[in-house]
Amino acid sequence: MCGDGAYLACSTNISQLFALLRKVRIYIGGDTGVMHLAAAADTRVIAIFGPTDFKINGPYGKEHTIIREDVPCSPCKKRDCSDRQCLAPITVEKVFEAVNAVLKRSKTS
């Protein structure tokens, strides 16, 4: 739908991205290098996992939140899975609930 792609933020190098991630309260994303960079920047992470193994690839630290579906085929590590039963049930509402829970915890700590 985006054609050649969508630019959601200006171009940054790793140092600039790290500095930016240190300033945000929560990072929401999938199993990517940026997720690990956010965790290293001491930013709370809400990580969405599907076919990859959250036990191996999850962000380090107890303050982070993993959102995933416990389905029999997960983790399958298949990027080209046509079923996507591990990702399809993860709704915007589930992510929003996780954000609210993180914000609530941060107010009490």
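Q: Leaving aside neighbours within four places in sequence, which residues is Gly58 in contact with?
A: Gly58 is in contact with Met35, His36, Phe49, Asp53 and Ile66, contact being heavy atoms within 4.5 Å.

Q: What kind of model is this, and what pLDDT do local features need?
A: This is a predicted model: local features need pLDDT of at least 70, side-chain atom pairs count only at pLDDT 80 or more, and totals for chains, interfaces and linings use all residues. Residues are numbered from 1 along each chain as its sequence is written, and side-chain values use heavy atoms, with hydrogens and water left out.

Q: Where does Gly58 sit?
A: Gly58 is in the loop between helix H3 (54-57) and strand E3 (65-67). Helices (H or I, at least four residues) and strands (E, at least two) are DSSP runs, numbered from the N terminus.

Q: Buried or exposed, that Gly58?
A: Gly58 is buried, because its relative accessible area is 8% and buried means under 20% (exposed is over 50%, partly exposed in between; 1.4 Å probe, protein chains only).

Q: How many residues separate Gly58 from Cys10 along the chain, and what is the C-alpha separation?
A: They are 48 residues apart along the chain, with their C-alpha atoms separated by 26 Å.

Q: Switching to the whole chain: how many helices and strands?
A: The chain has four helices and three strands, in the pattern α-β-α-β-α-β-α along the sequence.

Q: What box do the C-alpha atoms fill?
A: Roughly 40 × 35 × 25 Å, taken along the principal axes.

Q: And how much of the chain counts as buried?
A: Of its 109 residues, 29%.
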